[in-house]
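Here is a short briefing to read alongside the model. Please have the sequence and the 3D view open as you go.

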Amino acid sequence: MSVSLIVIRLELAEHSPVPAGFGFSAAAGEMSDEEIKKTTLASAVACLEGKSPGEKVAIIHQHLGRREMTDVIIETMKSNPDELKTTVEERKSSEASPTAQRSKDHSKECINTAPDSPSKQLPDQISFFSGNPSVEIVHGIMHLYKTNKMTSLKEDVRRSAMLCILTVPAAMTSHDLMKFVAPFNEVIEQMKIIRDSTPNQYMVLIKFSAQADADSFYMACNGRQFNSIEDDVCQLVYVERAEVLKSEDGASLPVMDLTELPKCTVCLERMDESVNGILTTLCNHSFHSQCLQRWDDTTCPVCRYCQTPEPVEENKCFECGVQEYSYLLTSQLESQRIYWENKIVRIEKDTAEEINNMKTKFKETIEKCDNLEHKLNDLLKEKQSVERRCTQLNTKVAKLTNELKEEQEMNKCLRANQVLLQNKLKEEERVLKETCDQKDLQITEIQEQLRDVMFYLETQQKINHLPAETRQEIQEGQINIAMASASSPASSGGSGKLSSRKGRSKRGK
């Protein structure tokens with residue numbers, strides 16, 4: 001879907017004040033304000049270039065036509081109160097600047113003069129500010145243009161962050177308008193209510209913080225009724241540019257690549273041939289086709305020119321003598337026939353296109369429904385398979401949980417048994433060590449006793465092999481044993497005992 005962006009131009013009179021914060025451009029980041037103004041006034045400058053002041057006034061008056069400048073009331077509503085205070089201060093300073101300059105000049109004149117009386121010390125003018133700071137009154141004409149190129153409504157296409165509500169019923173107050181846009185209050189930067197000479201309606205400019213917010217508002221509110229009682233709907237358009245120009249700069253002259261939208265004198269709304277059908281009468285006045293259909297008379301609603309004039313008697317051509325009524329009747333019938341034939345052809349063409357479009361949309365809808373049904377069936381099958389897998393996994397998880405609990409219990413028991421066995425092992429090792437020590441001690445004593453016995457037996461055998469005299473000497477002899485060292489008292493004592501025992505045994509023999 002594509003739409004045409006609009007350009008709003010406020011043409012001001014020569015001495016009219018300039019409204020604050022009215023200018024806007026969707027291409028502000030791409031072009032500077034001077035470049036935008038230069039491009040806007042290019043055709044006007046080319047038209048007025050080289051003309052004398054009188055010729056310029058005549059050209060401007062010719063393009064201005066019968067349109068008259070009226071008071072335009074602009075009411076600004078901003079979301080941030082600090083910005084409103086800043087605007088008030090700027091207006092105060094702009095209004096006070098001429099007075100301040102005059103007061104400075106007056107003070108310079110009075111420096112070297114002595115004051116005659118207290119009344120002469122007072123300034124001639126005192127600056128003050130009164131009224132609502134958010135309401136401005138200017139004198140001029142509101143022009144509305146549309147771009148000749150169409151702009152797509154896709155997300156990746158640059159349009160504008162400002163929207164315009166073309167017609168709002170005058171019965172709808174500012175409070176009702178704020179209720180209407182309440183869901184988008186957080187993303188609205190400012191809102192300007194513009195009231196001109198058009199009765200029973202006004203226009204609203206809404207500036208959003210981003211284009212995405214403007215798109216959301218457009219999709220939600222375009223074509224929507226303001227309330228459930230009246231039939232008036234919200235007609236939204238994207239604003240490419242809003243500008244303020246003076247009349248002497250050529251603000252009423254045509255603009256390149258733009259088409260100015262006139263007003264329908266019946267419904268007082270803007271006429272756009274791309275949106276509604278426009279009919280032009282023989283007197284060169286244009287109206288909405290629906291508005292002209294409701295006009296029961298055959299005359300023009302503006303100038304009352306009869307579109308089907310009645311024939312007058314004796315009204316003949318001076319050259320050929322043909323009466324006018326037959327020619328007029330024939331030409332009127334022919335024009336009416338051509339008009340209705342063209343209208344029927346156009347209606348048939350539009351109807352055929354609408355039918356084809358509806359068929360195409362219906363086929364696309366059926367294909368989408370079939371695809372959605374297939375996707376739904378596939379999703380149901382996948383859901384069943386996933387549910388079965390989940391059931392199996394839950395069973396495995398429960399089984400593994402039970403096994404884990406059993407393993408944990410077994411591990412706990414094994415750890416307890418391990419502690420007991422470690423204590424028992426330490427006790428057995430201690431007992432084994434003591435037993436081994438006692439055994440080693442006993443073995444040592446037995447080895448000493450065995451050595452003594454073997455020594456005794458060997459000595460006895462040697463003595464038995466000796467002659468009798470030697471044995472007799474040995475039996476009668478004495479053995480003196482010297483004092484042994486401290487390291488071998490036991491061995492010497494043992495040998496003495498053995499010798500004494502041997503002596504006793506021999507004596508016995």
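Cys221 counts as buried, because its relative accessibility is 0%; buried means under 20% relative accessible area, exposed over 50%, and partly exposed in between (1.4 Å probe, protein chains only). This is a predicted model, where local features need pLDDT of at least 70 and side-chain atom pairs count only at pLDDT 80 or more, while totals for chains, interfaces and linings use all residues. Residues are numbered from 1 along each chain as its sequence is written, and side-chain values use heavy atoms, leaving out hydrogens and water.

**Cysteines**
- The count of disulfides (pairs of cysteine sulfur atoms within 2.5 Å) comes to zero.
- Cys221 is in no disulfide, and the nearest cysteine sulfur, that of Cys234, is 6.0 Å away.
- Cys390 counts as partly exposed, because its relative accessibility is 38%.

**Strand β8**
- Strands here are DSSP runs of E, at least two residues, numbered from the N terminus.
- Six of the eight residues of β8 are buried, so this strand is largely enclosed by the rest of the structure.
- β8 pairs with β4 (residues 70–78) in the antiparallel sense over six bridges; strands pair if DSSP finds at least two bridges between them.
- Met191 in β8 is the bridge partner of Met77.
- β8 also pairs with β9, in the antiparallel sense over six bridges, and Ile188 stands opposite Phe208 in β9.

Note on methods
Helix = DSSP H or I, 4+ residues; strand = E, 2+ residues; numbered from the N terminus.
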